[in-house]
Amino acid sequence: MYLGEAAEEAGIIDKLKLKAGIFGAEPWTEDMRKAIESKLKIKAYDIYGLSEIMGPGVAYECAEQKGMHICEDMFIAEIIDPDTGEVLPEGSTGELVFTTITKEGFPVIRYRTRDICSLIYEPCKCGRTHIRMNKPQGRSDDMLIIRGVNVFPSQIEEVLLKVNGDVTPNYQIVVDRVDNNDTFDVNVEMSETLFADDIKSIEKVEKQITADLRSMLGIGAKVHLVNPKSIQRSEGKAKRVIDNRKL
């Protein structure tokens with residue numbers, strides 16, 4: 001999205017000859033995929049990997065875009081309960097772990113990725129027979145527990161990408177503790193169009209996002225619409241969460 005914004009500002013979006021992009025490194029929703037594809041006019045494919053296993057290419061999407069095929073001739077994938085380490089039944093959501101089959105210099109057994117997802121065992125329409133992994137919902141160590149409720153940043157993104165162009169996907173979650181109670185603030189960048197609108201329109205969008213987040217998460221958040229481009233961009237992994245609690 002950052003590259004898309006820059007290309008748009010430079011007036012070169014329509015001159016790009018890109019056809020496809022391969023994206024990894026952090027969780028992203030299907031709505032984010034659609035936003036990237038629309039802005040850059042490409043097909044956006046997901047890829048998964050981690051340095052401790054072999055880097056990118058542990059799993060990747062085919063043209064169906066219905067989950068990433070895991071290279072089972074090189075890795076054994078399992079889903080475990082992140083708290084107990086117990087292997088969960090097929091189709092369950094939990095923490096992804098890998099055992100390497102072919103690595104010689106640095107083999108690992110049931111390496112904990114901290115990524116929360118599920119595995120798909122049904123054959124893919126593309127013809128490949130390797131199991132697939134769904135997009136990670138987030139990381140077990142990225143999960144926030146706010147007022148007893150589990151919150152993943154990707155859930156916030158999912159809500160924002162459905163707000164019809166009034167806001168951008170650039171957001172930041174700020175959590176703190178005041179008088180033994182968790183505070184939960186979400187700063188969201190307005191679009192240039194909404195920024196130029198009247199106060200009532202901005203307040204209306206704020207209320208809509210607040211209601212949508214409560215419906216998604218089951219807890220209330222204070223939503224603050226901030227000026228366009230006021231949240232710091234990142235050339236690497238975006239810093240979405242600021243947790244000021246002394247837990």
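**View 1. Salt bridges in the model, starting with the K39–E8 pair.** In this predicted model, the salt-bridge count comes to 13. One of them brings the side chains of K39 and E8 together, with N and O 3.0 Å apart.

**View 2. A salt-bridge network of R177, D182, D243 and R245.** Let's take the pairs one by one. R177 bridges to D182, and the closest N and O atoms are 2.8 Å apart. How accessible are these two partners, R177 and D182? R177 is partly exposed at 40% relative accessibility, whereas D182 is buried at 11%. Next come R245 and D243, whose side chains also meet in a salt bridge, at 2.8 Å from N to O. Here the arginine, R245, is buried, with a relative accessible area of 10%, while D243 sits at 34% and counts as partly exposed. Shared partners join R177, D182, D243 and R245 into one network of salt bridges.

**View 3. Helix α3 and what covers it.** Is helix α3 (residues 153-160) mostly covered or mostly open? Mostly covered: 7 of its 8 residues are buried. The buried ones are P153, S154, Q155, I156, E157, V159 and L160. Several elements do the covering, and among them are two helices, α2 (30-40) and α5 (199-217). Strands take part as well, including β12 (149-151), β13 (167-178), β14 (181-190) and β16 (241-243).

**View 4. An open sheet with the strand order β5-β6-β7-β10.** This sheet is built from 4 strands, and their pairing is antiparallel. Which strands stand at the edges? They are β5 (75-80) and β10 (138-139); each has a single partner strand, so one side of each is left without a neighbour in the sheet. As a reminder of what holds such an arrangement together, strands of a sheet pair through backbone hydrogen bonds, either parallel or antiparallel.

**View 5. Zooming in on β5 and β6.** How many bridges join β5 to strand β6? There are 6, and β6 (residues 94-100) runs antiparallel to β5. For a handy landmark along this pairing, look for I80, which stands opposite E95 in β6.

Technical notes:
Residues are numbered from 1 along each chain as its sequence is written. This is a predicted model: local features need pLDDT of at least 70, side-chain atom pairs count only at pLDDT 80 or more; totals for chains, interfaces and linings use all residues. Side-chain values use heavy atoms; hydrogens and water are left out. Buried means under 20% relative accessible area, exposed over 50%, partly exposed in between (1.4 Å probe, protein chains only). Contact means heavy atoms within 4.5 Å. A salt bridge is a side-chain nitrogen of Lys or Arg within 4 Å of a carboxyl oxygen of Asp or Glu. Two strands pair if DSSP finds at least two bridges between them.
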